[in-house]
Amino acid sequence: MSAPALQAEFSAHVGHGGRDFSLDVSLRLDHGTLVLFGPSGAGKSLTIRCLAGLLRPTTGRITLGEETLFDHESGRW
């Protein structure tokens with residue numbers, strides 16, 4: 001059995017302008033297209049920024065196939 005195309009379990013916390021936002025993500029994409037939708041302020045852009053490596057999640061792990069892109073425990077980012 002091959003590894004999923006994308007697997008992510010992470011938490012991110014952003015605070016700016018006197019406002020705090022926390023996000024918990026758990027997803028697995030075996031193949032195909034990922035679509036994120038929801039109301040304004042739901043965390044769609046924050047999720048994409050973490051997956052793209054533009055923002056470091058607070059905790060968790062993100063893998064792409066066999067490659068680890070982010071792992072909080074090992075310090076990989």
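**Reading the fold**

Tutor: Start at a turn. Strand 3 and strand 4 form a hairpin with 2 residues between the strands, and Gly 65 there takes a positive phi near 65°. Helices (H or I, at least four residues) and strands (E, at least two) are DSSP runs, numbered from the N terminus. This is a predicted model, in which local features need pLDDT of at least 70 and side-chain atom pairs count only at pLDDT 80 or more, while totals for chains, interfaces and linings use all residues. Residues are numbered from 1 along each chain as its sequence is written, and side-chain values use heavy atoms, with hydrogens and water left out.

Student: Which elements does the protein chain have, and in what order do they run from the N terminus?

Tutor: The chain has 1 helix and 4 strands. Their order is β-β-α-β-β. The C-alpha atoms fill a box of roughly 45 × 30 × 15 Å along the principal axes.

Student: How do I read a sheet?

Tutor: Strands of a sheet pair through backbone hydrogen bonds, either parallel or antiparallel. Two strands count as paired if DSSP finds at least two bridges between them. Here 4 strands form an open sheet in the order 2-1-3-4, with antiparallel pairing. Strand 2 (19–29) and strand 4 (67–71) stand at the edges with a single partner strand each, so one side of each has no neighbour in the sheet. From one strand to the next, the twist averages 20°. Axes are lines fitted to C-alpha atoms, for helices over the stretch in contact, and angles run from 0 to 180 degrees between N-to-C directions.

Student: How many bridges join strand 1 to strand 2?

Tutor: There are 11, and the two strands run antiparallel.

Student: Where does helix 1 pack, and which strands is it touching?

Tutor: Helix 1 (residues 44–52) packs on the sheet and touches strand 1, strand 2 and strand 3. Its direction makes about 120° with that of strand 1. Contact means heavy atoms within 4.5 Å. Take Thr 47, which lies in helix 1. Leaving out residues up to four places away in sequence, Thr 47 touches Phe 10, Leu 23, Val 25 and Leu 36.

Student: Is Thr 47 buried or exposed?

Tutor: Buried means under 20% relative accessible area, exposed over 50%, and partly exposed in between (1.4 Å probe, protein chains only). Thr 47 has a relative accessible area of 6%, so it is buried. Buried residues make up 27% of the 77 residues in the chain.

Student: What about Ala 8?

Tutor: Ala 8 lies in strand 1. Its relative accessibility is 0%, so Ala 8 counts as buried. Beyond four places in sequence, its contacts include Val 25, Leu 51 and Ile 62. Ala 8 and Thr 63 are 55 residues apart along the chain, yet their C-alpha atoms are separated by 6.3 Å.

Student: How do I read a pocket?

Tutor: Rolling a probe the size of a water molecule over the atoms shows where empty space is left. On a 1 Å grid over the protein atoms alone, a cavity is a set of points where a 1.4 Å probe fits but cannot get out; a pocket is an open set with protein on both sides within 12 Å along at least five of seven lines, and lining residues have an atom within 4 Å of a point. Grid points are joined across faces, edges and corners, and a volume is the space filled by probe spheres set on the points. The largest pocket here has a volume of about 320 Å³.

Student: Which residues lie nearest the centre of the largest pocket?

Tutor: Val 14, His 16, Phe 21, Gly 41 and Leu 46, out of 14 lining residues. Helix 1 gives the largest share of the lining, 4 residues.
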